[in-house]
Amino acid sequence: MTGSVARGATLGVFALAMINIAAIVSPRNGPLLAEYGWSMFFFLGLSIVLFLIPVALAAAELATGWPEAGGVYAWVKEAFGERSGFLAVWCEWSENLTWFPTVLSFIAGSLAYAISPELASNNVYLVIVMLSVFWAATVLNFLRVDQSTLVATIGTFLGAFLPILLLAGLAIAWFAKGEGSAIPFSGDALLPDLSGQQLLFLGGILLGFSGMEMAGFHARETRNPRRDYPKALLISVVTVIVFAIASSLALALVVPKQEISLLSGTMQAFTDMFD
């Protein structure tokens, strides 16, 4: 594609942004950050400055310079040849081997609270729900790109934005009612103890921010990639940061650190606040 506007393109700025946001924003990331208490802001800042923003800037530059179908594959192939492009897209695919189980287990654990909380530790239940959701998502991706993007957008609003906004709103009501904070504030609490194992969990936070390049795979379906892609990335970065802080801080303020579950911590917060 040599022109600035792709023929037959269906995706605009909002749709492109939602592709990235759907891959990153989720209530599942809250429990991992919440375990750090106030020092979550140190790790958030480190992750944003050293990973999220550089990846977004690189993706914006590559997508506007080489607006071709294939995303990471097309960009790496342009610079280093087809073999390297294949290796890059294989790495992009293989990371889903760890990403999908994480997301699916969170979905299954959250759904268990709507049925019976004990199911969250039932392996048979977890496997059935995880495989069912995975295959349902696979079938939906046989739709046209604009249709599957619409499904992803609706799912992101209902499954990410709405729960996180509700969680933040309940946290505000929690304090308005006079309940105390599970993490008392102090200046020293903002700095983590890097002599222990806390720094090891930085990898989990970085993984939670990965996916900012996903919209690059849809460059050929974009109306004007040179104009729309950077705007979409800016919206994505701001949205990811705001919702990451809202979900993790609300959870940390309500649920005691020693009781936070990485699998169902968000549902713990809802349970505590509704009780």
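**Note on an all-helix model and its pockets**

1. In the lining of the second largest pocket, 16 residues are nonpolar, seven are polar and one is charged. Here nonpolar covers Ala, Val, Leu, Ile, Met, Phe, Trp, Tyr, Cys and Pro, charged covers Asp, Glu, Lys and Arg, and polar covers the others, Gly among them. A pocket is an open set of points on a 1 Å grid over the protein atoms alone, where a 1.4 Å probe fits and protein lies on both sides within 12 Å along at least five of seven lines, and its lining residues have an atom within 4 Å of a point.

2. The model is predicted, so that local features need pLDDT of at least 70 and side-chain atom pairs count only at pLDDT 80 or more, whereas totals for chains, interfaces and linings use all residues. Residues are numbered from 1 along each chain as its sequence is written, and side-chain values use heavy atoms, with hydrogens and water left out.

3. The protein chain holds eleven helices and zero strands, where helices (H or I, at least four residues) and strands (E, at least two) are DSSP runs numbered from the N terminus. Of its 275 residues, 43% are buried, which means under 20% relative accessible area, while exposed means over 50% and partly exposed lies in between (1.4 Å probe, protein chains only). The accessible surface comes to about 14,300 Å², with 68% of it belonging to carbon and sulfur atoms; such areas come from the Shrake-Rupley method with a 1.4 Å probe.

4. Among contacts (heavy atoms within 4.5 Å) with a separation of 6 or more, 81% involve residues 24 or more positions apart in the protein chain. Two examples of residues apart in sequence can be located by their C-alpha atoms: alanine 15 and threonine 153, 138 residues apart in sequence, are 7.8 Å apart in space, and glutamate 221 and aspartate 146, 75 residues apart along the chain, are separated by 8.7 Å.

5. Returning to the second largest pocket, one finds about 420 Å³ of space, a volume being the space filled by probe spheres set on grid points that are joined across faces, edges and corners. Its lining has 24 residues, and those nearest the centre are Arg28, Asn29, Leu32, Thr102 and Gly204. At least two lining residues come from each of α2 (30-34), α6, α9 (202-208) and α10 (225-254).

6. The largest pocket has about 1,900 Å³ of space, and 49 residues line it, with Ala22, Trp99, Phe100, Val103 and Ala137 nearest its centre. Two or more residues of that lining are given by each of α1 (13-24), α5 (82-94), α6 (96-115), α7 (123-140), α8 (145-176) and α11 (265-274). The lining of the largest pocket is made of 32 nonpolar, 14 polar and three charged residues.

7. Methionine 273 touches Leu167, Leu170, Ala171, Trp174 and Val254. Serine 47, placed in helix α3 (residues 40-65), touches Leu52, Leu202, Ile205, Leu206 and Phe209; serine 47 counts as buried because its relative accessibility is 1%.

8. The stretch around α4 can be read as one region. The buried residues of α4 are Val72, Ala74 and Trp75, and they pack against α3, α5 and α10. Just after α4, glycine 81 takes a positive phi of about 100 degrees. Serine 84, in helix α5, counts as partly exposed because its relative accessibility is 29%, and its C-alpha lies 8.3 Å from that of tyrosine 73, eleven residues apart in sequence.

Definitions and conventions:
Lists of a residue's contacts leave out its neighbours within four places in sequence.
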